[in-house]
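Some terms for packing, cores and sheets rest on cut-offs, and the questions below set values against them. Please look at the chain first.

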Amino acid sequence: MNQMNKKLLLAVFSILLISFSLFYINYFEKKDQNDLNTTLLTHSSVTPNTATPDSKRLVYIVSDLRIPFWSIMAKGIEKHAVSLGYRIDIYSAENDPKKELEFAAKALKENVSGIIISPTTSSACATILKLAKHSGIPVVISDIGTDGGEYVSYISSNNREGAYQIGMVLAHELQKKGWGKSEIAIIAIPQKRLNGQERTAGFMQAMNESGIKNSDIRQQATFSYEETYIYSKELINNNPKLRALWLQGSDRYQGALDAIRDSGKKDQILLLTFDAEPEFLQLIPKGILVGSAMQQPYLMGEQSVQVMVDHLHHKPVEKNIKLPVLAISSENIKENMALIERNVMGVND
């Protein structure tokens, strides 16, 4: 066989291999979607629900109550709903889109008066909104966002501005240490979520304005200690010049701190986060954490219930409500403590 025939056979084989791979990927993507469709058909009707709505019952479907941020938001939702005379059922999907759809189908079948949702992903939210519209049940979105669909109101944090402000806190700290032109890395929440995209964009704006280079990024899937630790070690090992890690969540911060310590980089690599844990009230003043962009989940929960109840009483509501994110560092934590304890941590209310 001459050289030209060998090249021709290799080219044909490559085309066939690529075609097979694309078919394989497409097949399983369709299979996953069909599985979700089957779940929906099993748990809900294909026709609008005409049962009398339970006018004093709300449902909150949350991505994962094991994460403190969501449990604090659920606390705000529950307390405010009860104060307004509403029954509230809370369902945690445990970061499983299929389970989330099952909970949504259950709520729609039972014809609750309204659904508040903090979805697993923005695309999953769009699917649930279509079903809710079909059933004539209003939906308020609290955080994460949606890729499409109709909703009463979207309560969110100003993720972009909050990420920008905490980025500037980091830039200031690097400058104080004489590390002004440093390299940093990001451990991100899923970038399919609108809030993840906004956080990355705002933080990178601050880095670009400050002349700081982002060397790498990892995207969380399991949100576990192990995942955070492994990603942190990888980012540290891959870049000897690394001076800071930005964790786009907060609850697995210890994994990042342990990775910095185990890499022999304590006091050489800074850590900052988005969101907050109770321990941060001590860690930030001590300088163990540079700072945190703190959302206000308890306040978000209250706002979500209020706009839903206003809508049910035919009062006008804002379509999109953005709440401020608190960029907290050792320089301002004391003056913001009361606000942090109530709206961020959900205590002292």
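Q: What does Leu271 touch, not counting residues up to four places away in sequence?
A: With contact taken as heavy atoms within 4.5 Å, Leu271 touches Leu245, Leu247, Tyr253, Ala256, Leu257, Ile260, Leu289, Val290 and Gly291. This is a predicted model, in which local features need pLDDT of at least 70 and side-chain atom pairs count only at pLDDT 80 or more, while totals for chains, interfaces and linings use all residues. Residues are numbered from 1 along each chain as its sequence is written, and side-chain values use heavy atoms, with hydrogens and water left out.

Q: What makes a set of residues the largest nonpolar core here, and which have the most contacts inside it?
A: A nonpolar core is a set of buried Ala, Val, Leu, Ile, Met, Phe, Trp, Tyr and Cys residues joined through side-chain atoms within 4.5 Å, where buried means under 20% relative accessible area with a 1.4 Å probe and protein chains only. The largest such set has 27 residues, and Leu245, Leu271, Met294 and Ile340 have the most contacts inside it. Its largest share, four residues, comes from α8.

Q: Why are α10 and α11 called oblique to each other?
A: Helices are DSSP runs of H or I with at least four residues, and strands are runs of E with at least two, numbered from the N terminus. Helix α10 (residues 297-312) and helix α11 (residues 337-344) pack at about 50 degrees, with axes 6 Å apart; axes are lines fitted to C-alpha atoms, for helices over the stretch in contact, and angles run from 0 to 180 degrees between N-to-C directions. Angles under 35 degrees count as roughly parallel, over 145 as roughly antiparallel, 65 to 115 as roughly perpendicular and the rest as oblique, and α10 and α11 are therefore oblique. Pro297, Tyr298, Leu299 and Glu302 of α10 meet Arg342, Asn343 and Val344 of α11 in this contact.

Q: Why is one side of β7 and of β12 left without a neighbour in the sheet?
A: Two strands pair if DSSP finds at least two bridges between them. The open sheet of six strands runs in the order β7-β6-β8-β9-β10-β12, with mixed pairing. Here β7 (213-219) and β12 stand at the edges with a single partner strand each, so one side of each has no neighbour in the sheet.

Q: How do you know that β8 and β9 pair, and in which sense?
A: Strand β9 (residues 270-274) and β8 pair over four bridges, in the parallel sense. Within β9, Thr273 stands opposite Leu247.

Technical notes:
Buried < 20%, exposed > 50% of the residue type's maximum accessible area, 1.4 Å probe, protein only.
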